[in-house]
Amino acid sequence: MPEETPSPHRDRPATHRKVPNRPRRCGFLVGWIALTTGTIVASSLALQAALKADRDHRPTHAPPQALRLPQSATVSPGAAASPSESPSRRVLTGPPRKAPASPPPASRRAAPARPKVTIASPGEQARVPGEQGVLLSGTATGLGHLTLHIFDLADNGSYYPGSLAPVTVHDGHWSFRKRPIGQGSADVGRTFTMIAALGDDACRAALRSPPVNPEGDYAFGALPAGCREMDSVHVVKAAP
């Protein structure tokens, strides 16, 4: 057999044997891993940025707050009280209380009716006989404690009471015959004034003790104190 040519590496120890070229493969693997990792990291960062932008653009809502009722709020009859509700703060319902009616102001109170007296008959300048006199009639309202009196004012300035007693008023109406008028035939054609007056206690007291003139007639020089003229009419004495 031909003699085999010895290999230069045959007799070398194993530690000095030439190893195949592996570093190139490892470098490629490391580069691929680095590229993949960078891509994943970049995608993660982009996703986080997108989520943050989405949160920033969302409208913020305030947290719901507990509804506070005013202390004057009432609990409806069918509503049950909460177990945590304090009995001292529980408001019971019922029919509304009406405030006591206050009296109206003095300016709004109805004022008492003012007294009013009229002479409806006879008419002005009626001609009447002296002996028979004249029948007067009219109305009287709102008298209160006042009383109605008739006086005859002659042309001599004397006031002759028609009667010492008040004239009766019935349902706001009155009538009274005043007679005689004047002094017989001596004053025929003269004018006499028939006066309707209202009197208080002083007027009535004066009429209880009237003065007497020389002719013996009850006569006052003026309307007695407490007597107030309300209406009047003039009559002409046409006959004795």
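Which residues have the most contacts inside the largest nonpolar core? They are Val 117, Leu 136, Leu 148, Trp 174 and Met 194, in a core of 23 residues. A nonpolar core here is a set of buried Ala, Val, Leu, Ile, Met, Phe, Trp, Tyr and Cys residues joined through side-chain atoms within 4.5 Å. Buried is under 20% relative accessible area, exposed over 50%, and partly exposed in between, with a 1.4 Å probe and protein chains only.

Some ground rules before the details. This is a predicted model, where local features need pLDDT of at least 70, side-chain atom pairs count only at pLDDT 80 or more, and totals for chains, interfaces and linings use all residues. Residues are numbered from 1 along each chain as its sequence is written, and side-chain values use heavy atoms, with hydrogens and water left out.

**The sheet**
- Five strands make an open sheet with mixed pairing, in the order S2-S8-S7-S4-S5. Strands (DSSP E, at least two residues) and helices (H or I, at least four) are DSSP runs numbered from the N terminus, and two strands pair if DSSP finds at least two bridges between them.
- At the edges sit S2 (126-129) and S5 (159-161), each pairing on one side only.
- On average, neighbouring strands are turned by 40 degrees against each other, direction ignored. Axes are lines fitted to C-alpha atoms (for helices over the stretch in contact), with angles from 0 to 180 degrees between N-to-C directions.

**Who pairs with whom**
- S2 and S8 (residues 227-239) run parallel, joined by four bridges; Ala 126 has Val 235 as its bridge partner in S8.
- S7 and S8 run antiparallel with nine bridges, and Ile 195 is partnered by Ser 232 of S8.
- S4 and S7 are antiparallel too, over seven bridges; here Ile 150 has Ala 196 of S7 as its partner.

- S7 is mostly covered, with eight of its nine residues buried.
- Leu 136, setting aside neighbours within four places in sequence, is in contact (heavy atoms within 4.5 Å) with residues including Ile 119, Trp 174, Phe 176, Met 194 and Val 233.
- Another core, of eight residues, lies apart from this one; Phe 151, Tyr 159, Cys 203 and Cys 227 are among them.

**The helix across the strands**
- H2 (residues 201-208) lies across S4 (147-153), S5, S7 (191-199) and S8, running at about 55 degrees to S4.
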